[in-house]
Amino acid sequence: MEALALERKAEQQKELKERIAQLKKERNAIILAHYYQRDEIQEVADFRGDSFLLAQKAASTDADVIVFCGVHFMGESAKILAPNKTVLIPDERAGCPMADMVNVDGLRALKQKHPNAKVVAYINTSAEVKSETDICCTSANAIKVISSVDSDEIIWVPDKNLGDYVSKFTDKKMIIWEGYCNTHDMLTVKDVEEMKAQYPNAQFVVHPECRPEVVKLGDFVGSTTAIIKYCRESDCQEFIVGTEDGTGYQLRLDSPNKKFHFATKYLVCPNMKVNNLKKVVKCLETNQPQIYVPPQVADKARASLERMLQVK
């Protein structure tokens, strides 16, 4: 029975993938998928990447339609950078709890308290928050962005763990918001120590959205893209991975002979996993749900994203 069910599922997926390929041609659409998406979504994507790479792709694509397989703030960023494109998200409910931890009123109040500070917002924020921001960043370029800002005082929103990590690379005073990523913040020192005891030859690679005491244990600390690159180029054959488990798709693709153990089974973002192939087909067929950002918000937010893209 189980073999039959698996066979039926494989057949269904094949049909859905063929339909997606056909619809993409008809609509002149591209599919952008974040590394935390389900494997089958990453398989059909034209580009896989982290928030930074996908923002760049959205800004430069010739496609008429962008299907953004990620969470809502990523779709917003794509729409802001490519205002004339149709940006679809397979499931509108794909939110980001960390992005929801900072709001415009709270940020405005903090700006009034620190009038000389410049605001650096992690890309994991709403369009409204970006519109109150001087420059955005991702975990891939946060240190460079902080260095580029012409101010000794930085208001950092919303991720306190990434903020703590970045603060070690600058002399600037950082006023750090109390947000965090539910998924990365779950990883504990105990989890890592248990895995290290189980796999003594493995290196621990960790995302800076994890807690500071967990990040300290890392043999390598970096963004999702940096972790993938490090594992691909490293002589080490075995890794304990401290980031979302969707990253395993690209890790295994790049390094099929290496072993990857996720540091805990809880490194799964439920919001990233709500998208599936059926929803991709449906959004391409119906041209819905579309991402909409009010023009006055988009114009202000665009400036902060474009400044980020200019940082070398």
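The second largest pocket is lined by 18 residues, and Ser 139, Ala 140, Asn 141, Ala 142 and Ser 223 lie nearest its centre. A pocket here is an open set of points, on a 1 Å grid over the protein atoms alone, where a 1.4 Å probe fits, with protein on both sides within 12 Å along at least five of seven lines; lining residues have an atom within 4 Å of a point. Two or more lining residues come from each of α7 (142-148), α8 (160-167) and β10 (220-221). Please keep in mind that this is a predicted model, in which local features need pLDDT of at least 70, side-chain atom pairs count only at pLDDT 80 or more, and totals for chains, interfaces and linings use all residues. Residues are numbered from 1 along each chain as its sequence is written, and side-chain values use heavy atoms, leaving out hydrogens and water. By class, this lining has 12 nonpolar, 4 polar and 2 charged residues.

Now turn to the largest pocket. Its lining counts 31 residues, with Tyr 36, Asn 124, Cys 181, Glu 209 and Met 272 nearest the centre. The elements giving two or more residues to that lining are α4 (72-81) and α9 (182-185), and α9 gives the most, with 3 residues.

Finally, look at helix α3 (residues 51-60), where Ser 51, Phe 52, Leu 54, Ala 55 and Ala 58 are buried, meaning under 20% relative accessible area with a 1.4 Å probe, protein chains only. Seen down the axis of α3, these buried residues fall within an arc of 165°, so they line one face of the helix; the arc is that of the directions from the helix axis to the C-beta atoms.

Terms used
Helices (H or I, at least four residues) and strands (E, at least two) are DSSP runs, numbered from the N terminus. Ala, Val, Leu, Ile, Met, Phe, Trp, Tyr, Cys and Pro count as nonpolar, Asp, Glu, Lys and Arg as charged, and the others, Gly among them, as polar. Buried means under 20% relative accessible area, exposed over 50%, partly exposed in between (1.4 Å probe, protein chains only).
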